[in-house]
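Have a look at it first, then follow along.

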Amino acid sequence: MSQTGGDARGEEREEGTAAAGSFSFSPEPTLEDIRRLHAEFAAERDWNQFHQPRNLLLALVGEVGELAELFQWKSDAEPGPQDWPPKERAALQEELSDVLIYLVALAARCQVDLPQAVLSKMDTNRRRYPVHLSRGSACKYTDLPHGDISEDQTVKPADEPST
């Protein structure tokens, strides 16, 4: 994936991202940097013994719960997170960071290359949700008009041979 440029103000955007608004992530740290930083942090504290996939998943779920609490009692009429007061924005940043850190740690522990998995999943989603059938619809791909996938069209994992 290439990025055309831009910054948090969105001066230049990648093609096709207009719906995402004028935000873009900074190029660093990469997911690999985050994986390495967390691995070093955990190793320095001898915490790897507590970082089995189940432990990391449960920690991730806990952090997602803490993130959800920030949104729990807000009405849709209230300003969005980008307009929250600084204290709430700081809490949002911390909880999102915790979720990402545990997600990256879990993927590393399970030896899943997240960037490649995302590319594969987006390819699958493009096939399951063709624009002409899914534009403006919240339906699952199996509920789209003509959305049933026949046996010979079943999406297979990237490493599984087609039949």
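Q: Is Lys-74 buried, partly exposed or exposed, going by its relative accessibility?
A: Bear in mind that this is a predicted model. Buried would need under 20% relative accessible area, and exposed over 50%. Lys-74 comes in at 26%, so the label is partly exposed.

Q: Which residue does the side chain of Lys-74 meet in a salt bridge?
A: The two side chains come to 2.7 Å, N to O. Lys-74 sits in the loop between H2 and H3 and its partner in helix H3, so the pair ties together parts that are 14 residues apart in sequence.

Q: What separates Arg-35 and Glu-32 along helix H1, in helical turns?
A: These two side chains meet in a salt bridge at 2.6 Å, N to O. Arg-35 is partly exposed at 30% relative accessibility, and Glu-32 is partly exposed at 44%. They're three residues apart in helix H1, so the separation is about one helical turn.

Q: Which residue forms a salt bridge with Asp-123?
A: The closest N and O atoms of the pair are 2.5 Å apart. Both residues lie in helix H4, four residues apart, about one turn of the helix.

Q: How many salt bridges does a search of the whole structure find?
A: Searching the whole structure gives six.

Q: What distance lies between the end C-alpha atoms of H3, and what span should its 24 residues have?
A: Helix H3 covers residues 86-109. At 1.5 Å a residue, its 24 residues should span 34 Å. The distance between the end C-alpha atoms agrees with that: 34 Å.

Q: Which helices do the buried residues of H3 pack against?
A: Start with who's buried in H3: Leu-92, Glu-95, Val-99, Val-104, Ala-105, Leu-106 and Ala-107. Contact here takes heavy atoms within 4.5 Å. The packing partners are helix H1 (31-44), helix H2 (53-71) and helix H4 (114-128).

Q: Which residues make the nonpolar surface patch of about 200 Å²?
A: A patch residue needs over 30% relative accessible area. Leu-103, which lies in helix H3, has 35% relative accessibility and so counts as partly exposed. The patch is made by Leu-31, Leu-100 and Leu-103.

Q: How many disulfides does the count come to?
A: A disulfide is a covalent bond between the sulfur atoms of two cysteines. Cys-110 is partly exposed, with a relative accessible area of 41%, and Cys-139 is partly exposed at 36%. To count, a pair of cysteine sulfur atoms must be within 2.5 Å. The count is zero.

Q: What percentage of the chain's residues count as buried?
A: The chain has five helices and zero strands. Its accessible surface comes to about 12700 Å², with 55% of that belonging to carbon and sulfur atoms. A residue has to be under 20% relative accessible area to count as buried. Of the 163 residues, the buried share is 17%.

Terms used:
Residues numbered from 1 in each chain as written. Predicted model: local features only at pLDDT ≥ 70, side-chain atom pairs only at ≥ 80, totals over all residues. Heavy atoms only, no water. Patch = residues over 30% accessible without salt bridge, like charges linked within 9 Å, V, L, I, M, F, W, Y side chains within 5 Å. Areas by Shrake-Rupley, 256 points an atom, 1.4 Å probe, with all protein chains shown as cover. Salt bridge = Lys/Arg side-chain N within 4 Å of Asp/Glu carboxyl O. Helix = DSSP H or I, 4+ residues; strand = E, 2+ residues; numbered from the N terminus. Buried < 20%, exposed > 50% of the residue type's maximum accessible area, 1.4 Å probe, protein only. Expected span 1.5 Å × (residues − 1).
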